[in-house]
Amino acid sequence: MIPLGFDYIRAESTDEALAALADHGDEAKLLAGGHSLLPLMKLRLATPAVLVDIGRLDNLSYITDAGDHLAIGALTRHRAVETSDLVRSFAGLLAEATSHVGDPQVRHIGTIGGSIAHGDPASDLPSVLVAMRATLVAQGPSGKREIAVDDFFTGFLETSLADNEMLTEIRVPKMPDATWGFQKFNRRAQDWAIVGVAAVVNNASSGVGLVNMDSLPVRAAGVEAALDAGASASDAAAVAADGTNPPSDLNAGPEYREHLARVLTRRALEAAGR
């Protein structure tokens, strides 16, 4: 299908992008790599009146060591995250999961911020940020604010970003000694995951994020609590689906997704050395 008509603005700066959002409100959408938004527009599931192109804002493309965390600009391409020595050294789970995003063409164009701001529960990277307890930085008319990842995703394709805000940075805690595992099950290579699991063990703490097990990216809190209490990988994985509300579609029903969550969580934890 062909998208409905829209006006196009190419922002030359963050301030210009924010001004466009302020002028047009919820009728405007930001365009970065376009891999999430444009398919929805073609299906007319998204019908923005104005597209604000931020794809050329180079000041939002970076990966830096910020002391206790890595600071990643929202417009950093997936390929840059995947191949970054900093990310591989201090956030290996993120580098590994990013290597599974789409195909090489997608990873060279798509951005980490676009993937996160889209808020798709079937996307790989939100689960990683949940597992690693990342912090998101949003910028709006009142300046910048930090949002804990558990407060960022609010519903299906919904986040806590206001209409006049944009995601500018992802802050990932440095975990140089962590072990981790990333597992996902799909019907064909490059398909969205039917279910996925990101697990990280950092010293005595653990984090587990689930892909496509609810209407939003979710934490497997029961698994984390079981691990912290000394449970084995198998015993902890047994509660992976507890408290979730997995969707039903042509690929799988809720019961099958719950089974996959338990199996993939056990595999991810075993890969992390639990």
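This is a predicted model: local features need pLDDT of at least 70, side-chain atom pairs count only at pLDDT 80 or more; totals for chains, interfaces and linings use all residues.

Modeller: Residues are numbered from 1 along each chain as its sequence is written, and side-chain values use heavy atoms, with hydrogens and water left out.

Colleague: Which residues point each way from β12?

Modeller: Val195, Val197, Ala199 and Val201 point one way, Gly196, Ala198, Val200 and Asn202 the other, and all are buried.

Colleague: How do you know that β12 pairs with β11 and with β13?

Modeller: Two strands pair if DSSP finds at least two bridges between them. β11 (residues 179–185) is joined to β12 by 7 bridges, and 7 bridges also join β12 to β13 (residues 205–211), so both pairs meet the definition. β11 and β12 run antiparallel, as do β12 and β13. Ala199 is the bridge partner of Gly181, and Ala199 also stands opposite Val208 in β13. β12 and β13 form a hairpin with 2 residues between them, and Asn203 in that turn has a positive phi of about 60°.

Colleague: Why are the buried residues of helix α1 said to be on the same side?

Modeller: In α1 (residues 14–24), the buried ones are Thr14, Ala17, Leu18, Ala20 and Leu21. They cover an arc of only 155° around the axis, which puts them on the same side of α1. That arc is taken over the directions from the helix axis to the C-beta atoms. On the other side, Asp15 and Asp23 are exposed. The cover over the buried residues includes β1, β2, β3, β6 and β10, where contact means heavy atoms within 4.5 Å.

Colleague: What makes Lys184 and Asp124 a salt bridge?

Modeller: The definition asks for a side-chain nitrogen of Lys or Arg within 4 Å of a carboxyl oxygen of Asp or Glu. For Lys184 and Asp124 the closest N and O atoms are 2.8 Å apart, and the pair qualifies. It links distant parts of the chain, with Lys184 in β11 and Asp124 in helix α8, 60 residues apart.

Colleague: Why is Asp124 called buried?

Modeller: Because its relative accessible area is 6%. Lys184 has 21%, so it's partly exposed.

Colleague: How do you know that Arg10 and Glu12 form a salt bridge?

Modeller: Their closest N and O atoms are 3.3 Å apart, so they pass the cut-off. Glu12 has a relative accessible area of 51%, so it's exposed, whereas Arg10, at 35%, counts as partly exposed.

Colleague: And what about Asp150 and Arg219?

Modeller: They form a salt bridge too, with the closest N and O atoms 3.0 Å apart. Arg219 is buried at 18%, while Asp150 is partly exposed at 46%. Salt bridges that share partners join Arg133, Asp150, Arg219 and Glu224 into one network.

Definitions and conventions
Buried means under 20% relative accessible area, exposed over 50%, partly exposed in between (1.4 Å probe, protein chains only). Helices (H or I, at least four residues) and strands (E, at least two) are DSSP runs, numbered from the N terminus.
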